[in-house]
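Work through the exercises below with the sequence and the model open. Each task is followed by a solution in steps.

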Amino acid sequence: RHQRCVYETDWGMADLIADGSIPGWRSDALASTYARLVGLFDSFEIPATWAFVAAFVHTPDEIRACSYLTEESIPYRGADWGAAFKSSWAAQDLDGWLCPEALDLVRASGGHEIAAHGFTHLPLDDTHTSEAAATREFDLLGMFWERRGIRPRTFVFPRNQPGHLARLGERFEAYRPPHQLEVRRDSVARLLRLVDEVNPFVQPAGHGKRGCPAMLPSAMLLNYRAGGRRLIPRAVTVARIRRLLRRAIESGEVVHLYSHPHNFLTGRGQFDLLAEVLGLVAEHAKADEIQVMTQAEYAARLVSAD
């Protein structure tokens, strides 16, 4: 079984843009990346889960009507999570912040799941985000998707930091938890994640857990071929996933992969890697050895399982 989620750029790194740690991304490049990704999945006839930050797929007119994004402070770790966007909005430089075309591309393709990834990508962990702030995000999230005539059923937590699960369960059927190596965020954890990219003994993700919301099997990042990770040969990554799929076939468990669109803007040979992986998945699916499912489809099976 194979699932995939992607998410957005500037909203995902709003605090780092605000303090100048990283540059933003260009919206035209993002739209082209989404178009190529949708085409690639469709060419292999593989449905995917696309988890969108709602603010990212707003139109400028929708932004003007939302004081939360242009006027209100979004508290996070003693700062305003929306500060960088407000600065860009004032300068009318919205590259990387808005790309409603991305949602249009996925929706027009058909067969894919549209999932939620927060309203502004505000991390929703219980430690740093208050109940009031989380409630505000969830309420605005619900109103936005209702206006678009879409009801996302599953949720991907910003920065893979789960929290406020009771509120989440009021609106969503299931969420994607972090991989065990993503829980820690120190330098040792980063090294362990890099080593895991060449781990030949990596195992499938299990089956998930029922609940309100249900917890999906954890997901594993498809190697982002940039920095030190670009030194890992593509063949090594493909062989690793081939072994994962074989073990999932034997155990009946889940292989759950995800990535981000900016990985395909800057990762070396990232599209080629994805194409090889999707080819493997399509081959096993054609042989009826695996079933390709979106997060929502898997959540429905998980909830209804005996």
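**Exercise 1.** Find which element gives the most to the lining of the second largest pocket, and describe that lining.

Solution. Step 1: strand 10 gives the most, with three residues; strands (E, at least two residues) and helices (H or I, at least four) are DSSP runs, numbered from the N terminus. Step 2: the volume of this pocket is about 210 Å³. A pocket is an open set of points on a 1 Å grid over the protein atoms alone, where a 1.4 Å probe fits, with protein on both sides within 12 Å along at least five of seven lines; lining residues have an atom within 4 Å of a point. Volume is the space filled by probe spheres set on the points, which are joined across faces, edges and corners. Step 3: 17 residues line the pocket, and His179, Val202, Gln203, Pro204 and Met220 are the closest to its centre. Step 4: sorted by class, the lining has ten nonpolar, six polar and one charged residues (nonpolar: Ala, Val, Leu, Ile, Met, Phe, Trp, Tyr, Cys and Pro; charged: Asp, Glu, Lys and Arg; polar: the others, Gly among them).

The model is predicted: local features need pLDDT of at least 70 and side-chain atom pairs pLDDT 80 or more, while totals for chains, interfaces and linings use all residues. Residues are numbered from 1 along each chain as its sequence is written, and side-chain values use heavy atoms, without hydrogens or water.

**Exercise 2.** Is Cys66 buried or exposed, and how many disulfides does the structure hold?

Solution. Step 1: Cys66 counts as buried because its relative accessibility is 9%. Step 2: the structure holds zero disulfides, a disulfide being a pair of cysteine sulfur atoms within 2.5 Å. Step 3: for Cys66, the nearest cysteine sulfur belongs to Cys99, 18 Å away.

Definitions and conventions. Buried means under 20% relative accessible area, exposed over 50%, partly exposed in between (1.4 Å probe, protein chains only).
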